[in-house]
Amino acid sequence: MSRTDESRLDPARRIQFAFTDEQEQFRSAIGRFLNDKSPTTEVRRLMGTAEGYDPAVWRQLSEELALPGIHIPEQYGGAGFGMVELCIVTEELGRALLCAPYFSTAVLAANAILNAGTEAQKASLLPDLASGARRATLAVTELNGQWDPQSIELVATRVENGYRLDGVKSYVVDGHVAELLVVAARLPNTVGGDGLALFTLDANSNGVERRPLESMDPTRKLARIAFHSAPAQLLGNLDDGSETLARTLDQATIALANEMVGGAQKLLDSAVDYTKVRVQFGRTIGSFQAIKHRLADLLLEVELAKSAAYYAAQASAADDPEWPALACLAKAAASETYLRMAAECIQLHGGIGFTWDNDTHLWFKRAKSSEVFLGQPSYHRELLMQRWGV
């Protein structure tokens, strides 16, 4: 056994984790808000709109609950909490399937600025994101759809007043409604991890062309953004662009894993409730031993995925040295559990589960889109082995 393996088994390094009473109260407050503001009828309505969210609900979420700035330090206008609280929010949003530019603004863009920005840039950019006054997103993937930073091809060329961006970003979450763009690009004539950096620009700048994309999951809108010598400013410096981008993506991966287990739990609850009321052969189908066993197996899978997601969030908050590897583990586990739970839930609902009138397919589509968002399970398993030196 290697030293690394021994350290993983060292009881002194294990993170003991349970939600506090305050965190559970926070979760309950979010749940009550979402039960009122994000019923499936509203989800269906917003899916069909071009914007994909309700500005009034976004204002309430920002002003009444202060959710966009939950993890942003107080000196930048946020609530000053951390990764665990952010993941509580994403889990509840995934459970309710809220249609809003939260993940793009609070998880992707805000963390990118926190990780890469100078003090002046943080003080300038973060307060509007924390208050919900400004929507933002992080543009990483390109036409190849890969989340590996080394595959980035968009070029940032130095000019007199900053940089100009040339290239195309695709599958950008909420890119069509974002007002601030944080863009991952590379310097000319660089490859791999060299020359990578983050840049910021107004989404309505000259040289920026945005186009919404059609996707199988209209609850999370995507866009393609073309940059034609678009003026941009360097976020932070050129020395550690690859590291800050990787850190941002790892944090987003953990938040997404928690969002997915929220959705998986919602589907499990739905399946259990349905088996209690569906009658076949004079009995509720939930009374049949085969159905009980099936639901028990699904419960075990969901709980295991939750454990991985919660542990990764706490490890990140505690800055445990292995938290990036745990992020990969959580994403791979949550992706497969969520998709399996969605498919099983449809089966347990019988014929009605395949109809448009049944809501199960809404979470099925989110499960499928989340499987590839930020990298497929196979990508994260490979990354996990690299980080653990396997």
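Predicted model: local features only at pLDDT ≥ 70, side-chain atom pairs only at ≥ 80, totals over all residues.
Reader: Is Asn358 buried or exposed?

Author: Buried means under 20% relative accessible area, exposed over 50%, and partly exposed in between, using a 1.4 Å probe and protein chains only. Asn358 has 11% relative accessibility, so it counts as buried. There's also a polar contact of 2.5 Å between the side chains of Asn358 and Thr360. A polar contact is a pair of N or O atoms within 3.5 Å; within protein, one must be able to donate a hydrogen and the other to accept it, and residues adjacent in sequence count only if both atoms are side-chain atoms.

Reader: Now helices. Which residues of helix H4 (residues 55-63) are buried?

Author: Val57, Trp58, Leu61 and Ser62. They span an arc of only 135° around the axis, which puts them on the same side of H4; the arc is taken from the directions from the helix axis to the C-beta atoms. These buried residues pack against helix H2 (21-37), helix H6 (102-116) and helix H7 (119-131). At the start of H4, a side-chain oxygen of Asp54 comes within 2.9 Å of the backbone nitrogen of Ala56.

Reader: How do I read a pair of helices?

Author: Two packed helices are described by the angle between their axes and the distance between the axes. Axes are lines fitted to C-alpha atoms, for helices over the stretch in contact, with angles from 0 to 180 degrees between N-to-C directions. Under 35 degrees is roughly parallel, over 145 roughly antiparallel, 65 to 115 roughly perpendicular, and the rest oblique.

Reader: At what angle do the axes of H2 and helix H5 (residues 83-96) cross?

Author: At roughly 30°, coming within 10 Å, so H2 and H5 are roughly parallel. For helix H10 (residues 323-348) and helix H12 (residues 377-387), the axes come within 8 Å and cross at roughly 155°, so H10 and H12 are roughly antiparallel.

Reader: Is the crossing of H10 and H12 left-handed or right-handed?

Author: Left-handed if the near helix is turned anticlockwise from the far one by less than a right angle, right-handed if clockwise. The H10 and H12 crossing is left-handed, whereas H2 passes H5 in a right-handed one.

Reader: And backbone angles?

Author: Most residues other than glycine have a negative phi. Leu97, not a glycine, has a positive phi of about 60°. Leu97 is in the loop between H5 and H6 and is buried, at 0% relative accessible area. Asp174 has a positive phi of about 60° too, and is not a glycine. Asp174 lies in the loop between strand E3 (162-173) and strand E4 (180-186), and counts as buried at 8% relative accessibility.

Notes:
Residues numbered from 1 in each chain as written. Heavy atoms only, no water. Helix = DSSP H or I, 4+ residues; strand = E, 2+ residues; numbered from the N terminus. Contact = heavy atoms within 4.5 Å.
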